[in-house]
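Here's a quick briefing on a few local spots worth a look in the viewer.

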Amino acid sequence: MPTRPASRCSACRQLRKPGGRCGCRRGSQSQAAATRAEWAWVYADTRWPLLRDQVLSEEPLCRAGCGRPPGVVDHIRPHRGDETLAFDRANLQAMCKSCHDAKTARETGFAGAGPKRLNATEVTLVCGPPCSGKTTYVRERAEPGDLVVDWDALAQALGSPHPHDHPRQLTPFVAEARDAIVARLARRHDVARVWIIATAPRDSDRARLAPEGARVVLLATDEDECVRRARHDSRPGGTIEAIETWWRTYRADQPTAPPR
């Protein structure tokens, strides 16, 4: 009776016996489980239940954009035992279990032929104070088919009558729209390059907005030059104050130089 020829394992590409099963994937899964066990202390820490309740109370919908109520608090950037990432509120988001399980599968490499992985897409976060040239920087580099996530453009799409001066009551909706688009990158898509435009004066802001593996471009255009541009372009009255606030926040966030 003829037997099936030996086939290759889809994971390691090694030949396996007819009817047999390669053990490479099972071994790597066991190793991943052992590694996760080393990080379990995070969820036993007394700080975690309080943070978890805070996130779930502040975010009523899954941040992946599926529209379902969340039941899991996810680390946007996997903490892998890093205490700073594990307990940073800016690194946490609420997700439903199915979206969270899919994200975890992609991060651990067991997603099979599922959604496109983020590291296959070139993502660039362009940040800086108002009038620093962020939109111009992206416009000069973006190509047809690139995804551009721009706060001002989103605000106008959601009803703002001005390209830069947006009604305050629209802010939470613009923020959720931006976050939903960024979260959508974790699912299957055909976009090759993504540009995210934001002010993000703090390192924690940039870490929260930039997906893992993204390139960060900080346009720290001189404060006086930003003010000059704001006046030249007749920007709204609050723009100069926003520029000054950005620079105060940015300077305060910089590490203090060690004493000589």
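The side chain of S160 reaches the backbone oxygen of H162 at 3.2 Å, and a polar contact of 2.7 Å joins the side chains of S160 and H166. A polar contact here is a pair of N or O atoms within 3.5 Å; within protein, one must be able to donate a hydrogen and the other to accept it, and residues adjacent in sequence count only if both atoms are side-chain atoms. Keep in mind that this is a predicted model, where local features need pLDDT of at least 70 and side-chain atom pairs count only at pLDDT 80 or more, while totals for chains, interfaces and linings use all residues. Residues are numbered from 1 along each chain as its sequence is written, and side-chain values use heavy atoms, with hydrogens and water left out.

**Around S160**
- You'll find S160 in the loop between α7 (151-157) and α8 (171-184); helices are DSSP runs of H or I with at least four residues, strands are E runs of at least two, and both are numbered from the N terminus.
- S160 is buried at 6% relative accessibility, where buried means under 20% relative accessible area, exposed over 50% and partly exposed in between (1.4 Å probe, protein chains only).
- Skipping neighbours within four places in sequence, S160 is in contact (heavy atoms within 4.5 Å) with A155, D165, H166, P167 and L170.

**Positive phi away from glycine**
- Most residues other than glycine have a negative phi.
- R80 has a positive phi of about 45°; it sits in the loop between β3 (72-75) and α4 (83-86) and is partly exposed at 44%.
- C131 also has a positive phi, about 70°; its loop runs between β5 (122-127) and α6 (134-141), and C131 is buried at 8%.

**Salt bridges**
- The count comes to 18 salt bridges, each a side-chain nitrogen of Lys or Arg within 4 Å of a carboxyl oxygen of Asp or Glu.
- R63 and E59 pair up at 2.9 Å, N to O, and both are buried.
- D101 and K97 meet at 2.7 Å, N to O; both lie in helix α5 (residues 97-108), 4 residues apart, about one turn of the helix.
- D101 is partly exposed at 35%, whereas K97 is exposed at 55%.
- E223 and R251 form a salt bridge at 3.2 Å, N to O.
- E223 lies in helix α10 (residues 223-232) and R251 in helix α11 (residues 238-253), so this pair ties together parts 28 residues apart in sequence.
- Salt bridges that share partners join E58, E59, R63, R89, R178 and D179 into one network.
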